[in-house]
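Q: Here's a structure I'd like to go through with you. Can we look at what each label rests on?

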Amino acid sequence: MAIVLFSMHYASSTLRLDELVEIMKCRKELGQTVMTIYYVVKPSDVKRQRGYFGSVFEKVCAGRSVEDIEKWKQALEEVTEILGYESSIWQSEAEMIENVVNDVSNMLNKAAPSRDFDGLVGMENHIAQISSLLSLDSGDDVRMVGIWGPAGIGKTTIARTLCGKLSDSFTHTAFVESIRGSSENDHAFMLHLQEQLLLMDKKVLIVLDDVYDLRQIKAMAGKTQWFGCGSRIIITTTDKKLLKAHGVDHIYPMFI
């Protein structure tokens, strides 16, 4: 098993880049398991070598052969196709680290992997189907998509992963985590949620996680007109009736 931890300075070392090439070779030829973690860097910046990550990569490429540069670029592009942990979309860094440690421990002990890691590695089909419902190429419409299923099935993991993979297509992204239990009264609840976003009239990707009350949806995503053209709102819940009551027609059911 290989764990690749990307940071803004990852590409400053030719040794790390050469090691990544070997890791991806082992994955392809030997079926080696690879876990990816993105710490304060976007997967899209790693894949396309842009932003600060790209400037670091450009410096390390100076004086290197075209062959070396191309194999590094190919490895960076291939590794970002693996669903992984992205620190920016976790509300708690400690929680993310705990999940990573548990998953690594389970895999090394040949135990069944935790549900969170299973969601990252084995849910490509779910991701593809929900992406189809989001219909990002459909134009300027604003669309709400519900992810409905029992507690613990992996809805939050999928929503986090989608947020990370699709964030580059939006002006702003917001993951409002664990809405359940976050309100003490209606007024305070609405203020709390609205302060987290302040993204009206922009093309945004918003995830409302663990919704259990219709008032929560109305407070944050009452009308599609609140958001800019092309915006997408993902709502995870255990209650399908809430989605129907709010007029959410695109619903993805998740069950074991």
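Q: Which residue in strand 2 stands opposite F6?
A: That's Y38 in strand 2. Before going on: this is a predicted model, where local features need pLDDT of at least 70, side-chain atom pairs count only at pLDDT 80 or more, and totals for chains, interfaces and linings use all residues. Residues are numbered from 1 along each chain as its sequence is written, and side-chain values use heavy atoms, with hydrogens and water left out.

Q: What makes strand 1 and strand 2 a pair?
A: Two strands pair if DSSP finds at least two bridges between them. Strand 1 and strand 2 (residues 34–38) have five bridges, in the parallel sense, so they meet that cut-off. Strands here are DSSP runs of E, at least two residues long, while helices are runs of H or I with at least four, both numbered from the N terminus.

Q: Why are strand 1 and strand 3 called edge strands?
A: The open three-strand sheet runs 1-2-3 with parallel pairing, and strand 1 (2–6) and strand 3 each pair on one side only.

Q: How do you know that helix 1 packs on the sheet?
A: Helix 1 (residues 14–30) touches strand 1 and strand 2, where contact means heavy atoms within 4.5 Å. Its direction makes about 140 degrees with that of strand 1; axes are lines fitted to C-alpha atoms, for helices over the stretch in contact, and angles run from 0 to 180 degrees between N-to-C directions.

Q: Which strands form the other open sheet, and in what order?
A: Five strands in the order 5-6-7-4-8, with parallel pairing. Strand 5 (172–176) and strand 8 (250–253) are its edges. Strand 5 pairs with strand 6 (residues 204–211) over five bridges, with H172 opposite V204. Helix 8 (residues 155–166) packs on this sheet, at about 170 degrees to strand 6.

Q: Why is the largest pocket said to lie between the domains?
A: Domain 1 (2–111) and domain 2 (123–253) both give residues to the lining, so the pocket lies between them. The domain bounds come from an automatic or database domain assignment.

Q: What lines that pocket?
A: It has 24 lining residues, and the closest to its centre are P43, T80, T161, G164 and K165. Helix 8 gives the most, with six residues. The lining divides into nine nonpolar, seven polar and eight charged residues, with Ala, Val, Leu, Ile, Met, Phe, Trp, Tyr, Cys and Pro as nonpolar, Asp, Glu, Lys and Arg as charged, and the others, Gly among them, as polar. A pocket is an open set of points on a 1 Å grid over the protein atoms alone, where a 1.4 Å probe fits, with protein on both sides within 12 Å along at least five of seven lines; lining residues have an atom within 4 Å of a point.
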